[in-house]
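Here is a short briefing for someone meeting this structure for the first time. Please look over the sequence and the 3D view before reading on.

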Amino acid sequence: MGSLKTEKTVTGWAARDSSGILSPYSYTLRKTGPEDVVIKVLFCGVCHTDLHQTKNDLGMSKYPMVPGHEVVGEVVEVGAEVSKFEVADTVGAGVIVGCCRECAPCKADTEQYCSRKIWSYNDVYTDGKPTQGGFASAMVVDQKFLVKIPPGLAPEQAAPLLCAGLTVYSPMKHFGLMETGLSAGVLGLGGVGHMGVKFAKAMGHHVTVISSSDKKRAEAVHHLGADSYLVSSDEAGMAAAADTLDYIIDTVPAFHPLEPYLSLLKLNGKLILLGVINQPLQFLTPMVMLGRKSITGSFIGSMQETREMLEFCEAKGVTSMIEVVKMDYANEAFKRLERNDVRYRFVIDVAGSNLDP
C-alpha cells in the first residue's frame, strides 16, 4: 500500500512525428497519489483512433506519443485510499483517465462528456505530465477509471471491449435499443462494427450488415451471425430494404453519404454515428423530416456502463474476434488496419513482448 516515492521508468512504443511510426521509448510514470493504481499492462487493443492520433489526422497530436486505450493489466500496487482494487486483480483502463468531477455530465455519471476530461494518451495530466497509453509495460490510473475484468472473460478478449464494445453498448442502452425484436443495421464491419453485430444479436435483434461490397458477406453471415447482408451499391437491394430498420450503427471512420442509409430507417429510426471523421457530412433535410428520423452520435461510455457492458458480455458469451500480435509487429498492424486487413481487432500481447530491459 502507499504511493510510489520515486517515478518509475518504463518502456513503451511511441510515435515521434506524424509518420506514425512507432519505436521503443523510455519515460517515467507520474508519481502515484492515494487513489492511484499501478498496473502491469498485459494486453492492449489497437483502435482506429490510435492510427488517427499517431498520424495527426485530427491536427491535435503531441509527440512523443505512446498510444493505446484498450488496456488490460494486472494491479501491482495501490494507493493508500484505493478501495476498489487489490494487488493481482485483473483490470481494464479505457479512453479517459480523468475528469473534473464537478460539471453536470460528471455528476450524472456520464463523465465521458466532461469538457475537461483527460485522455489516456496525447493529453496532459493534472500534474502537468503528458499522459501515455497502453503500448507500454505499465500505467498509473486513478481507481475511478479502472474496472475489474470479470473472471469469465479472457484478458486478451476483454481489451477491445473497453473501447469498441463500449462504443456500441452505450448508445444502445441510452436510446432504448436493448429490447428484443428490433431490426438493426450495422454499417462498416471493422473493429467496432463486428461488435455491433455481436451485441445486437445478443439482444435478440434482426441484424443487417451494410457494406460497400460483397466481399464480407460470408464473414458477416456465417462467422458473426448476421441475418442479412446488404451491398450499398445494389440499388434494387437497397430499395427493397427501405423503411425496415429501427436503427443503424454507423461505424465508418471516413467520409460517406448519409442519404442511402437514412432511407433504410423506419419512422422514428436512428442513425447513430460512431466513426471519427474529420470532414463535414451532408444530407438532404427531407430525408430526416419525412420520417421523423434522427442522426445522432455517441462517444464511448461511462465507467458505470463499462462495468455493465463487461457483465453483459460475460453473461451472454459476447467476445471480440481478435488477432494477437507482439509489440514489434505494431507498425505492420497499423499498416494492415489502415487498409482494413484485420478480422477484426489487433490485440498486442504487451506483457509477452518483454518491453522493459
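This is a predicted model: local features need pLDDT of at least 70, side-chain atom pairs count only at pLDDT 80 or more; totals for chains, interfaces and linings use all residues.

The protein chain has 357 residues and a radius of gyration of 20 Å. Its residues are divided between domain 1 and domain 2.

**Overall build**

- The protein chain contains 11 helices and 19 strands.
- Along the principal axes, the C-alpha atoms fill a box of roughly 65 × 40 × 35 Å.
- A compact globule with 357 residues would have a radius of gyration near 21 Å, so the 20 Å of this chain agrees with that expectation.

**Two domains**

- Domain 1 is made of two stretches, 8–163 and 321–349.
- Domain 2 covers residues 165–297.
- The centres of the two domains, taken over C-alpha atoms, are 28 Å apart.
- Domain 1 brings 15 residues to the contact, and domain 2 brings 17 residues.

**Where the domains meet**

- About 1300 Å² of area is buried between domain 1 and domain 2. Carbon and sulfur atoms give 53% of that area.
- Between the two domains, 10 residue pairs are in polar contact, with both residues at pLDDT 80 or more.
- Helix α1, residues 48–54, gives the most to the side of domain 1 that touches domain 2. Its share is 3 residues.
- By class, that side of domain 1 has 7 nonpolar, 5 polar and 3 charged residues.
- The count of salt bridges between domain 1 and domain 2 is 1.

**Salt bridges**

- Side chains of opposite charge can pair when their charged atoms come close.
- The whole structure holds 15 salt bridges.
- One of them pairs Glu 102 with Arg 116, and the closest N and O atoms are 3.5 Å apart.
- Glu 102 sits in the loop between β6 (96–98) and α2 (104–107), while Arg 116 sits in the loop between α2 and β7 (118–119), so this pair ties together parts that are 14 residues apart in sequence.
- Glu 219 and Arg 343 form another salt bridge, with 2.8 Å between the closest N and O atoms.

**Backbone details**

- Most residues other than glycine have a negative phi, and most peptide bonds are trans. The next points list exceptions.
- Tyr 63 and Pro 64 are joined by a cis peptide bond, with omega about -5 degrees. Pro 64 lies in the loop between α1 and β4 (71–78).
- Tyr 344 is in the loop between α11 (330–338) and β19 (345–349).
- Arg 292 is not a glycine, yet its phi is positive, about 45 degrees. Arg 292 belongs to the loop between α9 (286–289) and β17 (294–297).

Note on methods
Residues are numbered from 1 along each chain as its sequence is written. Side-chain values use heavy atoms; hydrogens and water are left out. Domain bounds come from an automatic or database domain assignment. Contact means heavy atoms within 4.5 Å. Buried area is the accessible area (1.4 Å probe) that two parts lose on being put together, summed over both. A salt bridge is a side-chain nitrogen of Lys or Arg within 4 Å of a carboxyl oxygen of Asp or Glu. A polar contact is a pair of N or O atoms within 3.5 Å; within protein, one must be able to donate a hydrogen and the other to accept it, and residues adjacent in sequence count only if both atoms are side-chain atoms. Helices (H or I, at least four residues) and strands (E, at least two) are DSSP runs, numbered from the N terminus. Ala, Val, Leu, Ile, Met, Phe, Trp, Tyr, Cys and Pro count as nonpolar, Asp, Glu, Lys and Arg as charged, and the others, Gly among them, as polar. The radius of gyration is taken over C-alpha atoms; the globule rule is 2.2 Å times the number of residues to the power 0.38.
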